[in-house]
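Visitor: I am new to this structure and would like a short tour. Could you take my questions in turn?

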Amino acid sequence: MKNRSAFPSALCLLLAPGLLLASPKAAAQETSASPVTYEACVALIESDAASALEMAKTLQHRSGETEAGGAHCEALALKQLGRPAEAGKAFFNLAERLLRAEDALRSDIYAQAGDAWVLADEYDLAIRAYDNAIARMPDQAGFYEGRARVKALAGKWEGARDDAAEALARDPNFPAAMLIRSAASRTLGNPRAALADANHAVELNPHSPDALLERGLVHMALGDKASAWGDWSNAVRYAKETGRENDPAALAAAHYLSQ
C-alpha cells in the first residue's frame with residue numbers, strides 16, 4: 001500500500017490555483033527561516049506536533065475552510081498528539097470535500113481516517129472509511145487488508161476472513177492479508193486452512209516475528225506444541241538478532257514460551 005503519511009502536493013493543482021500559497025500580505029511577513037507551507041507543517045509534526053497544529057490552522061485560515069494542505073496537516077498533527085478520534089474525523093471530512101481530486105488520492109485519505117479511528121477503537125467508523133476507499137479503488141489489495149484488519153480487531157472474524165481473501169485475490173503474495181486470514185480461520189475453528197496461509201507467510205518472510213507468532217498459534221490449535229515452541233523461539237531469537245526485542249509479536253511469542 002502507498003505510504004499514507006504524506007499528502008501529494010500535486011493535489012493542490014487539482015483544487016485551485018495557488019491553493020497552498022499565502023496571501024500577498026502574509027507572504028511578505030514570512031521569511032525563509034520560518035516558512036508557513038504544507039511541507040513545513042508536515043515536517044514539524046514529529047518534533048513539535050502542537051506547533052504543527054497551529055501552523056495547519058494558519059494555512060486553513062489563509063485559504064479558507066476547505067484548504068486541503070492545512071486540513072491534512074491538521075489531521076496528521078492530531079493523530080501525533082494522541083487525538084485519533086479527532087484525526088479520523090478530520091481525515092474523513094477532508095476526503096469528502098476533495099471532489100475534484102482523483103479517486104486514488106481520496107481513497108488514501110479515507111484509509112488514513114480508518115487507521116486513525118482504529119486507534120480510537122472506533123471500529124464502525126473505521127470500517128465506513130475503508131468502505132469509501134474500496135468503493136473508489138476496488139482493485140487495491142491494501143484497502144481490503146486494512147478493512148480486514150479493522151474487522152479482526154472488532155472481533156468480526158468472518159468479515160475479516162472474507163476481506164483478507166479479497167486482498168489475496170488481488171495480491172496473492174500479501175503477507176499481512178495471509179496472517180489475517182490465518183488468524184480468522186484459526187479463530188473460526190479451521191486451523192488446517194490457517195496453516196496453509198501461515199506457512200506461506202513464513203515462506204515469504206522467514207524471519208518475521210508476526211508470521212512466526214501466528215504459525216505458532218496455528219500449531220498449538222492443531223495440538224503440535226513442539227512446532228509452536230520452535231516458531232515462537234525463532235521469533236524471539238530473530239527479533240533479538242535484529243535489535244527488535246520490543247517488537248509486539250516477539251514479546252507475545254516470549255509470553256507464550258513462558259507459560
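Guide: One definition comes before the rest: axes are lines fitted to C-alpha atoms, for helices over the stretch in contact, and angles run from 0 to 180 degrees between N-to-C directions. Please keep in mind that this is a predicted model.

Visitor: How many helices and strands does the chain have?
Guide: The chain has 259 residues, and buried residues make up 45% of them. Among contacts with a separation of 6 or more, 52% join residues 24 or more positions apart. As for elements, the count is 15 helices and zero strands.

Visitor: Are H7 and H9 roughly parallel or roughly antiparallel to each other?
Guide: Helix H7 covers residues 103-119 and helix H9 covers residues 141-153. Their axes come within 11 Å and cross at roughly 15°. Angles under 35 degrees count as roughly parallel. H7 and H9 are therefore roughly parallel.

Visitor: How many charged residues are in the contact of H7 with H9?
Guide: H7 passes H9 in a left-handed crossing. On the H7 side are Ser107, Asp108, Ala111, Asp115 and Val118, which meet Phe143, Arg149, Val150 and Leu153 in H9. By class, this contact of H7 with H9 has five nonpolar residues, one polar residue and, as charged residues, three.

Visitor: Is H14 oblique or roughly parallel to H15?
Guide: The axes of helix H14 (residues 225-241) and helix H15 (residues 248-258) come within 8 Å, with a crossing angle of roughly 135°. Because of that angle, the relation of H14 to H15 is oblique.

Visitor: Which class has ten residues in the contact of H14 with H15?
Guide: H14 passes H15 in a left-handed crossing. H14 contributes Trp229, Trp232, Ser233, Ala235, Val236 and Ala239, while H15 contributes Ala250, Ala253, Ala254, Tyr256 and Leu257. In this contact of H14 with H15 there are no charged residues and one polar residue, and the class with ten is nonpolar.

Visitor: What covers the buried residues of H14?
Guide: The buried residues of H14 are Ala228, Asp231, Trp232, Ala235, Val236, Tyr238 and Ala239. What covers them includes helix H13 (209-221) and H15.

Visitor: What distance does H14 reach from its first C-alpha to its last?
Guide: H14 has 17 residues, and at 1.5 Å a residue the expected value is 24 Å. H14 is followed by Gly243, whose phi is positive, near 70°. From first C-alpha to last, the reach of H14 is close to expectation, at 24 Å.

Visitor: Is Asn132 buried or exposed?
Guide: Asn132 is found in helix H8 (residues 123-136). Not counting residues up to four places away in sequence, Asn132 touches Phe92, Glu96 and Tyr110. Buried means under 20% relative accessible area. Asn132 has 18% relative accessibility and so counts as buried.

Visitor: How far apart in space are Ala164 and Arg147, C-alpha to C-alpha?
Guide: Ala164 is found in helix H10 (residues 157-170). At 0% relative accessibility, Ala164 counts as buried. In sequence, Ala164 and Arg147 are 17 residues apart, and in space their C-alpha to C-alpha distance is 8.4 Å.

Visitor: Which residues is Ala164 in contact with, leaving aside its neighbours within four places in sequence?
Guide: Contact means heavy atoms within 4.5 Å. With neighbours within four places in sequence left aside, the residues in contact with Ala164 are Ala148, Ala177, Ile180 and Arg181.

Conventions. Residues numbered from 1 in each chain as written. Predicted model: local features only at pLDDT ≥ 70, side-chain atom pairs only at ≥ 80, totals over all residues. Heavy atoms only, no water. Helix = DSSP H or I, 4+ residues; strand = E, 2+ residues; numbered from the N terminus. Parallel < 35°, antiparallel > 145°, perpendicular 65-115°, else oblique. Left-handed = near helix turned anticlockwise from the far one by under 90°. Nonpolar A, V, L, I, M, F, W, Y, C, P; charged D, E, K, R; others polar. Expected span 1.5 Å × (residues − 1). Buried < 20%, exposed > 50% of the residue type's maximum accessible area, 1.4 Å probe, protein only.
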